[in-house]
Amino acid sequence: FLEAGSNNKVDGSGNPISPDMINDGFQLGMENGANNMNVFVCAPNQARRVSKFNTTGNNPVIVRTEQTAGSFVSQFQSDIPRGGDAQRSVILVDESFPKDKVVLLDPPKIALVPLQNRQVKDEDATLPGADAYQRRILGEYTMEFKNASESHILFTDVEI
């Protein structure tokens, strides 16, 4: 559904992911009606690039107090003030996610809903003649995406 959208993409044009690129995505999503883009989904290679933001320019540096080498970034904060604070997205790394794409999701616009008359229910599953009781829980659900092709932002052609 993200790829089918017409006004929900930020073209990376083969460039590496950058704070400006991500902030452009936040702005586009808000212009399209997104309220809370607080999940940033990417492959490990893109997560590592975001972690490098931490060590360049005027970004604050994470200082670890234990005796562990290395650093990582687990959230990205946009530079767009909104409601007294900027939007923050948790970085969700998926090893099977395409390496040249990144997504900003608006989770309040995503729901798990039962199909009509197929919500979870408990049924007797005891076989005839059995000396015990057995139960079965069944239900059929689908994902519902509101304003799917605009409120969730797809970054394409991001440098691998």
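**Before you start**

This is a predicted model, where local features need pLDDT of at least 70 and side-chain atom pairs count only at pLDDT 80 or more, while totals for chains, interfaces and linings use all residues. Residues are numbered from 1 along each chain as its sequence is written, and side-chain values use heavy atoms, with hydrogens and water left out.

**Exercise 1. The overall layout**

Task: Find how many helices and strands the protein chain has, and in what order they run.

Solution: 
- Step 1. Take the elements from DSSP: helices are runs of H or I with at least four residues, strands are runs of E with at least two, and both are numbered from the N terminus.
- Step 2. Count them: the protein chain has three helices and 10 strands.
- Step 3. Read along from the N terminus, and the order is β-α-β-α-β-β-β-β-β-β-β-α-β.
- Step 4. Look at contacts (heavy atoms within 4.5 Å). Taking those between residues at least 6 apart in sequence, 71% join residues at least 24 apart.

**Exercise 2. Helix 1 and its length**

Solution: 

**Exercise 3. Strand 2 and its partners**

Task: Work out which strands pair with strand 2, and in which sense.

Solution: 
- Step 1. Two strands pair if DSSP finds at least two bridges between them.
- Step 2. Strand 2 and strand 4 are parallel and share four bridges; here cysteine 42 has valine 93 of strand 4 as its bridge partner.
- Step 3. Strand 2 and strand 5 run antiparallel, again joined by four bridges; here phenylalanine 40 is partnered with leucine 104.
- Step 4. Check the two faces of strand 2: Val39 and Val41 point one way, Phe40 and Cys42 the other way, and all are buried.

**Exercise 4. Helix 2 and the cores**

Task: Find what covers helix 2, and which residues touch the most other members of the largest nonpolar core.

Solution: 
- Step 1. Helix 2 covers residues 44–53, and Asn45, Gln46, Ala47, Val50, Ser51 and Phe53 are buried in it.
- Step 2. Their cover includes helix 1, strand 2, strand 3, strand 4 and strand 5.
- Step 3. A nonpolar core is a set of buried Ala, Val, Leu, Ile, Met, Phe, Trp, Tyr and Cys residues joined through side-chain atoms within 4.5 Å.
- Step 4. The largest one has 23 residues, and Ile17, Ile22, Phe40, Val50 and Phe155 touch the most other members.
- Step 5. Two or more residues come from each of helix 1, strand 2, helix 2, strand 3, strand 5 and strand 10, and helix 1 gives the most, with five residues.
- Step 6. A second, separate core of eight residues includes Leu2, Val41, Val103 and Leu154.
- Step 7. Zoom in on valine 50: leaving out residues up to four places away in sequence, valine 50 touches Ile17, Ile22, Phe40, Val73 and Ile91.

**Exercise 5. Lysine 9**

Task: Decide whether lysine 9 is buried, exposed or partly exposed, and find the polar contact its side chain makes with asparagine 8.

Solution: 
- Step 1. Lysine 9 sits in strand 1, residues 9–11.
- Step 2. Its relative accessible area is 32%, so lysine 9 is partly exposed.
- Step 3. A polar contact is a pair of N or O atoms within 3.5 Å; within protein, one must be able to donate a hydrogen and the other to accept it, and residues adjacent in sequence count only if both atoms are side-chain atoms.
- Step 4. The side chains of lysine 9 and asparagine 8 make such a contact at 3.3 Å.

How values were computed:
Buried means under 20% relative accessible area, exposed over 50%, partly exposed in between (1.4 Å probe, protein chains only).
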